[in-house]
Amino acid sequence: FNDRPSTDFAADAVIVVGPKQDPVRAIIVEAQKRTYAEKPPQWARYAAQLWTFLKCPVDVLVICPDGKSAYYYRRPVPTSLPGYTHHPIALLPADVPIISDPDDAAANPAMAALSVAYHGANPGVPEAVSGGFDKLPSDQAIQYREYAYNLAPRAVPGCRRIRGTGW
């Protein structure tokens, strides 16, 4: 999302809502499995840069299945810009429902991917999510499987099943 060669502005994902010429909101998505002191100030720069570029509100959404890390990343980030304190949004495990039914996973695949990230160690969650993804059109299934696989902790049972075979 930047217009200069740089390695310090490399968000995990950016979602822009609205028409390309007139976006209404942007969401920078960052996946974190542990705490790093340098990340929150970096996200404040990401948000400011994207706000300057798109001229719309920008949020930073932190996906971190560990509750301790989520609380750490929820803290306001003061900056040296007068009046600008960055407020990242970090989801706690309690914020994400446990999806253990393939029909629920198929009906809400984005939430199903998050459910694997946060609750994938719970019996039946990876299998239900994978079964739900099997019900999606192929291109969507591939996208959501990859998203879920990348967010899931490596210790999640059935993680290979989520990703599928032949990749």
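**Group meeting: helices, salt bridges and a surface patch**

Let me start with one residue. S69 lies in helix α2. Helices here are DSSP runs of H or I with at least four residues, strands are runs of E with at least two, and both are numbered from the N terminus. S69 counts as buried, because its relative accessibility is 2%. Buried means under 20% relative accessible area, exposed means over 50%, and partly exposed is in between, with a 1.4 Å probe and protein chains only. S69 and L91 are 22 residues apart along the chain. Their C-alpha atoms are separated by 9.8 Å.

A word on the model. It is predicted, so local features need pLDDT of at least 70 and side-chain atom pairs count only at pLDDT 80 or more, while totals for chains, interfaces and linings use all residues. Residues are numbered from 1 along each chain as its sequence is written, and side-chain values use heavy atoms, with hydrogens and water left out.

Now the overall layout. The protein has seven helices and six strands. Along the sequence the pattern reads β-β-α-β-α-β-β-β-α-α-α-α-α. Of the 167 residues, 38% are buried.

Next, a helix pair. How do α4 and α5 pack? Helix α4 covers residues 109-119 and helix α5 covers residues 125-134. Their angle is about 160°, and their axes are 10 Å apart. That makes the two helices, α4 and α5, roughly antiparallel. The axes are lines fitted to C-alpha atoms, for helices over the stretch in contact, and angles run from 0 to 180 degrees between N-to-C directions. Under 35 degrees counts as roughly parallel, over 145 as roughly antiparallel, 65 to 115 as roughly perpendicular, and the rest as oblique.

Stay with α4. Nine of its 11 residues are buried, so α4 is largely enclosed by the rest of the structure. Among the buried ones are P109, L114, Y118 and H119.

On to charges. How many salt bridges does a search of the whole structure find? It finds four. The criterion is a side-chain nitrogen of Lys or Arg within 4 Å of a carboxyl oxygen of Asp or Glu.

One joins D59 and R25, at 2.6 Å from N to O. D59 is in strand β3 (residues 58-63) and R25 in strand β2 (residues 25-31), so the pair ties together parts 34 residues apart in sequence. R25 is partly exposed, at 33% relative accessibility.

Another joins R74 and D95, at 3.0 Å, N to O. R74 sits in the loop between α2 (67-73) and β4 (77-78), and D95 in the loop between β6 (89-91) and α3 (102-107), so this pair ties together parts 21 residues apart in sequence. R74 is partly exposed at 36%. D95 is partly exposed too, with a relative accessible area of 38%.

Then D103 and K135, at 2.3 Å, N to O. D103 is in helix α3, K135 is in the loop between α5 and α6 (138-151), and the two are 32 residues apart. D103 has a relative accessible area of 47%, so it is partly exposed.

Last, the surface. Which residues make the nonpolar patch of about 230 Å²? I15, V17 and V24. Patch residues have over 30% relative accessible area and no salt bridge; like charges are joined within 9 Å, and nonpolar side chains (Val, Leu, Ile, Met, Phe, Trp, Tyr) within 5 Å. Areas come from the Shrake-Rupley method with a 1.4 Å probe; for residues, only the protein chains shown count as cover. I15 lies in strand β1 (residues 13-17). At 42% relative accessible area, I15 is partly exposed.
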